[in-house]
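My entries follow the picture below.

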Amino acid sequence: MAQTAASITSLIQPHLSQLTPYQAGKPLEELARELGLTDAIKLASNENPLGPSPKALAAIQAELASLHRYPDSHAYYLKEELSRHLGIKVQQLILGNGSDEILDLLVRALVSPGDEVVSTAHTFLMYGLLTRAVGGVFRAVPLRDMHLDLPAVAQAVTPRTKLVLLNNPNNPTGTVFSRAEWEAFLAAVPATVTVVLDEAYIEFADDPEVPRGLEYLAEDRLLVVLRTFSKAYGLAGLRVGYGYGPSELLDFLNRLRLPFNVNRLAQAGARAALEDVDFLERTLDLVRRGRDFLCRELTRLGLAIVPTQANFILIRIGRPGQEVYQAMLREGVIIRAMESYDFPDCIRVNVGLPEENERFLKALKKVLGL
Ligand SMILES: *Cc1c(COP(=O)(O)O)cnc(C)c1O
C-alpha cells in the first residue's frame, strides 16, 4: 500500500514537524567526494589534531577478535577505572554513546511535553534539539558580552523548569564562567531543578578560576556533570562519554538507556585512553600553544575574536560566515559557519597541528583579501 508524504506527516507526533537535523561539521571524505580535494584539512568539529591515543588504538586492536561477543552492558571495568580516577562511587557514574546520549537520557527522563529546559543562546545545538524532540520548551537566555549570564539563567527558571543546561567552556564562544559565578548560581536555583554542567572542553581550560563540576558532586544535589572522550582524548569516532551525578537519578537513566550502548571497542579504547596521561599532556600542550598562536595572529589581522578557554576560536568576520566557509572549502580547509548558532557573521575554527594552523591562516587571508 502506497503512503503519500502528506499522510505520513499526519501520523507523526505534531511537535516533531518542527525539528531540523543536527548539522555536523563536514567530513573530510565528503569534501573529497564533492570537490576531489584529497589533501584537505578539517578544523570544524573540535577534534583532537594528534589523532587517537596510541594506547587506545592498541587496546582497540587487541579487542577486535572478541567482536562476535556482546559488550558488557554495565561496562564494569571502564566504570571501575573511572570511579578510581575521579574518586567517586560507581553508582554515581553513567556511560553513553558519546555524552550526547546522556543528554538525551536526561531530557527523556525529566522533561514532559510542555515542560521547560533553560539554557542559553549561542550554545550547543543539541540542547534545543533534544528538548524539542520530547515536546519540551527551550528557553535560551541571551549572552552578556559573549559570556553565559548565570544570574539571568537562574532568573529564567520557573515552576515548569525541569532542567538547566550549561556548557563550560561554552561551544561555540569558548568563554567560561568563574567559580564565584557558578556557586552563586547553584545557590539561586531551586533544589528541584536538575542542573547539567557539560564539561566537554574542560580539559583545555587553564584559567584557575574555572570551576570543576566534580568538586560540587553530592548525593543530595541535582547536578549532573558530563564529560567526553571525543575531544581531549581523541576518540570522537568511537562514541563514548560519561556523566556523574546523584546515584538515585542515574539509576533512572540506566533503566532508560539501551543495553550495550557503549560498544566493546569503545569500552576498551576509553579505558586505555584514561591511562594515557602522556597523550593527554601532549594534546593539552599542543592545543594551548596553538590557541595562543592563532589568537595572536588573528588579532594581528584585525579580526575580532572571543577570548577562549576551549580548543576552538569564534571569529567575527563582518560578512556572511557561510560565504567564507564555502570559499575556505575550495582552499581545502573545513571550518564551521555559525548561522545555525545565531552568529551569521562568524566562523569557528578549532586548533590544529602547527602546519594546519598556518594553512588555515594563509587560506583565510586569501579568502578575506587581507
Ligand atoms: C563535542 C561536544 C560534546 C561531546 O559530544 P560526544 O557525544 O561526547 O561526542 C558535548 N557537548 C558539547 C558542547 C560539545 O561540543
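**Ground rules.** I noted that this is a predicted model, in which local features need pLDDT of at least 70 and side-chain atom pairs count only at pLDDT 80 or more, whereas totals for chains, interfaces and linings use all residues. Residues are numbered from 1 along each chain as its sequence is written, and side-chain values use heavy atoms, with hydrogens and water left out.

**Overall form.** I then looked up the secondary structure, and the protein has 13 helices and 13 strands (DSSP runs numbered from the N terminus, helices being H or I of at least four residues and strands E of at least two). The radius of gyration is 21 Å, close to the 21 Å that the globule rule gives for 370 residues, so the protein is as compact as a globular protein of that length; the radius is taken over C-alpha atoms, and the rule is 2.2 Å times the number of residues to the power 0.38. Of the 370 residues, 54% are buried, where buried means under 20% relative accessible area, exposed over 50% and partly exposed in between, with a 1.4 Å probe and protein chains only.

**Strand β13.** I asked myself how many residues of strand β13 (residues 346–350) are buried. The entry I wrote down was five of its five residues, with C346, R348 and N350 on one side and I347 and V349 on the other. In a regular strand the side chains alternate between the two faces of the sheet. Strand β10 (residues 312–316) runs antiparallel to β13 and is joined to it by five bridges, and strand β12 (residues 336–337) pairs with β13 in the antiparallel sense over two bridges; strands pair if DSSP finds at least two bridges between them. I347 in β13 has I315 opposite it, and A337 also stands opposite I347.

**Residue C295.** Finally I looked up C295, which lies in helix α11 (residues 277–300) and counts as buried because its relative accessibility is 17%. Leaving aside neighbours within four places in sequence, C295 is in contact (heavy atoms within 4.5 Å) with I305, T308 and I313.
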